[in-house]
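Let's take a walk through a protein together. Have the sequence and the 3D view at hand, and follow along one stop at a time.

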Amino acid sequence: MTINQPLVAGNWKMHKNIRETREFLHSLIKLLRPPLPCEVAIFPPFTSLPAAAEILTDSGIALGAQNVHWEPTGAFTGEISPLFLVELGCRYCIIGHSERRLLFGETDEICNRKIKAAQSAGLRPILCCGETLEERNAHQTIEILRRQLEKGLKGITSADLDIAYEPVWAIGTGHTATPDQAAEIHNWIHLWLRSRFDDAADHIRVLYGGSVKPENAMALIRQTGVDGLLVGGASLDVNTFSIIVNSFKEGQSVFS
Ligand code: PEP
């Protein structure tokens, strides 16, 4: 398991059919020649996971799912079991993305159940947290993050997880957190994780997400406490995404 490296995760959301997935991944493998400068994981839609798994075998690029159900099996029409994701070769699963929270009513309690189910199945969850613009303007950022982390990680003892700080106002908007804003929050999250998981917190990465582009990736990853990037829109173009990944060749990450 690679947890001593920064992670760049590409969240495709509801984009790319099977053909587009194949084309993208074949190109990505050609563009990212080993050794990779950091860990790379791709999160395609569920329907593209089998094709992606086949292509990514032995590539060094990991696969993840954008969502998961909290039970391993049962009468849950339309849902996907964490066991099925592991069977497909997924290593990661995004949990609590702001789009799921805002559009699909995902609560901190639901995120908590999903994290437990994901870990039990052998997936490494990436818990997304972040404040809205109204909350930031009302100086509630820390309060919101504390609530999302406390409730989302309630009862979780395994540090086999990562966190993504994704300010909602930065997702898909073109407004990125400044490197200083990201550093301040990431350092707060790391302190919180240390108080919660002790030394095991060293193995939990805190990724930044929100309008990451080749132009801002380097400045973000140079910040203390930024252990990787969760990339949405800019992960859909293979050249753009590989430039972001290659930022790690020069952009000294402090994660060790
Ligand atoms: C995301 O969806 O997790 C995300 C960060 O999106 P974008 O990079 O497009 O802001």
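A pocket, as the word is used here, is an open set of grid points with protein on both sides within 12 Å along at least five of seven lines. Keep in mind that you are looking at a predicted model. Its largest pocket holds about 400 Å³ of space. Around that pocket you can find 14 lining residues, and Lys13, Met14, Gln66, Arg100 and Phe104 are the ones nearest its centre. Helix α4 (residues 98–104) gives the largest share of the lining, with four residues. Sorted by class, the lining has six nonpolar, five polar and three charged residues.

Next, turn to strand β5, residues 124–129. Buried means under 20% relative accessible area. Six of the six residues of β5 are buried, so the strand is largely enclosed by the rest of the structure. One side carries Arg124, Ile126 and Cys128, the other Pro125, Leu127 and Cys129, and both faces are covered.

What does β5 pair with? Strand β4 (residues 92–95) pairs with β5 in the parallel sense over four bridges, and strand β6 (residues 162–165) also pairs with β5 in the parallel sense over four bridges. Follow leucine 127 to see this: it is the bridge partner of isoleucine 95, and its own partner in β6 is isoleucine 163.

Our last stop is isoleucine 42, in strand β2 (residues 39–43). This residue counts as buried because its relative accessibility is 0%. Among the residues that isoleucine 42 touches are Trp12, Phe24, Ala62 and Phe241. Alanine 62 is 20 residues away in sequence, yet the two C-alpha atoms are 6.4 Å apart in space.

Terms used. Residues are numbered from 1 along each chain as its sequence is written. This is a predicted model: local features need pLDDT of at least 70, side-chain atom pairs count only at pLDDT 80 or more; totals for chains, interfaces and linings use all residues. Side-chain values use heavy atoms; hydrogens and water are left out. Helices (H or I, at least four residues) and strands (E, at least two) are DSSP runs, numbered from the N terminus. Buried means under 20% relative accessible area, exposed over 50%, partly exposed in between (1.4 Å probe, protein chains only). Contact means heavy atoms within 4.5 Å. On a 1 Å grid over the protein atoms alone, a cavity is a set of points where a 1.4 Å probe fits but cannot get out, and a pocket is an open set with protein on both sides within 12 Å along at least five of seven lines; lining residues have an atom within 4 Å of a point. Grid points are joined across faces, edges and corners, and a volume is the space filled by probe spheres set on the points. Ala, Val, Leu, Ile, Met, Phe, Trp, Tyr, Cys and Pro count as nonpolar, Asp, Glu, Lys and Arg as charged, and the others, Gly among them, as polar. Two strands pair if DSSP finds at least two bridges between them. Lists of a residue's contacts leave out its neighbours within four places in sequence.
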